[in-house]
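Please open the structure in your viewer and keep the selection tool at hand.

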Amino acid sequence: MLKVTDLRGQTPSSAQLRRILPRGGMDVASVLPTVTPIIDAVKTGGAPAALDYGEQFDRVRPASVRVPADVMAAAADNLDDSLRAAVQEAIRRIRTVHAAQKPQEQSTDVAPGATVTEVFLPVPRVGLYVPGGKAVYPSSVLMNVIPAQEAGAESLVVCSPPQAEFGGWPHPTILAACSMLGVDEVWAVGGAQAVALLAYGDDEAQLEPVDMITGPGNIFVAAAKRVVNGVVGIDAEAGPSEIAVLADDTADPLYVAADLISQAEHDENAASVLITDSPEVAEAVDMLIDERATATLNADRAGTALGGPQSGIVLVDDLEAGIAVADAYAAEHLEIHTRNAADVARRIKHAGAIFIGPFSPVPLGDYIAGSNHVLPTSGTARFTPGLTTHTFLRPVNLIEYTEDALAEVAPHIITLSTDEQLPAHGEAIKARTEAQ
């Protein structure tokens, strides 16, 4: 099922690897002509315009944008006990990790009487998008809400598409997860119109705009985030899910095949890539995928993804070449199934998250490892991090100099301002350091 790219006997450059490796992604620019009018309409028309688009795309119109408190409470009360226990344990682990991520204030004495202090201020109001198309994602609620809470955001709003089968409100499991986290503001809006409403708000409907929007979504959500970026902050433009597995001859083909299939079931554009120097492992994995992919619940979706140009097997000469390929690919999720897997993981430069050894599969990180599953896709892990507590914090410098400390550096400031032909800068210093 998987296409093979044979790089044995070759030493391709990073640029060549980026061209020849399996890669999916999405052309966000192609839908901007569709998305931009929606953004403009919601910017001027507010909540009614957003609900109009929701009725057009989701075939349902909720009674209000904001989900009523009694609907939230009922969703929490009716949550299955086993699911409740799973969500609670996931919350505990995710909160433990993200609480530890919060940096501490740091003060530096540059010279006597000259101090620069870095403090970390939370983004005041955050909008968190939770998809609701092909599946229900309570895990995305946890992954977005918890780091924002740990950063100290003053208010949070979760947006998720309305569902006709649930009275026009988001899926009850989404609402229950929000309730368990103490989030009481949920908007029944999805797609580009949700992003627009988060960015611009609606005074008449008492819907306050946010300062930052995070969370995954389809190509229309990604395009909408691109359009409003600058009006608000965004985390990233999330593309289809992807997994790469770096394996040698010690890898268990069953584990590798199962993990490649697990990510392929997200959607037809998901990418599953095996990088290995073992033809035997490659052959065994491919055979197991042929057998097992057809037996999963989402077989059609997984089969399309695994057979697409974004998925495949990359054969390399040795581990060194495999690491080079993995770095060039810069996977959203990278699994290491090799000898000394922990040491190999430390050598990887580019990946959204790295899963070490046979008992740390990607689904662990998707739900309950404690790490975040909102990760960079489409090779952007080379320069973009995943969602963390840091995402919702702004480092700000506090500069405090005494009169003597300013006088000590005054000549340097005046020299520099003169060289840059900004004399008023120097005059502001002279006003403090020279007799008037």
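The model is predicted, and the count of salt bridges in it comes to 14. Begin by selecting Arg23 and Glu242, whose side chains form one of them at 3.5 Å, N to O. This pair joins distant parts of the chain: Arg23 is in the loop between helix H1 (14-20) and helix H2 (32-58), while Glu242 belongs to strand E9 (residues 242-247), 219 residues apart. Arg23 is partly exposed at 27% relative accessibility, whereas Glu242 is buried at 3%.

The His333 side chain reaches the backbone oxygen of Glu242 at 2.7 Å. His333 is buried, with 2% relative accessibility. Its contacts beyond four places in sequence include Gln263, Phe355 and Asp366.

Next select Glu332, in the loop between helix H12 (319-329) and strand E12 (333-337). UniProt, in an unreviewed entry, places the feature "active site" at Glu332 and His333. Glu332 is buried, with a relative accessible area of 7%. Among the residues it contacts beyond four places in sequence are Pro240, Glu242 and His373.

Move on to Arg339 and Asp249, whose side chains meet in a salt bridge of 2.9 Å, N to O. Arg339 lies in the loop between E12 and helix H13 (341-347) and Asp249 in the loop between E9 and helix H9 (253-264), so this bridge ties together parts 90 residues apart in sequence.

Finally, select Arg347 and Glu320, which form a salt bridge at 2.6 Å, N to O. Arg347 is in helix H13 and Glu320 in helix H12, 27 residues apart.

Definitions and conventions. Residues numbered from 1 in each chain as written. Predicted model: local features only at pLDDT ≥ 70, side-chain atom pairs only at ≥ 80, totals over all residues. Heavy atoms only, no water. UniProt positions renumbered as here; feature names shortened; annotations may be inferred. Helix = DSSP H or I, 4+ residues; strand = E, 2+ residues; numbered from the N terminus. Buried < 20%, exposed > 50% of the residue type's maximum accessible area, 1.4 Å probe, protein only. Contact = heavy atoms within 4.5 Å. Polar contact = N/O pair within 3.5 Å; in protein donor to acceptor, adjacent residues only side chain to side chain. Salt bridge = Lys/Arg side-chain N within 4 Å of Asp/Glu carboxyl O.
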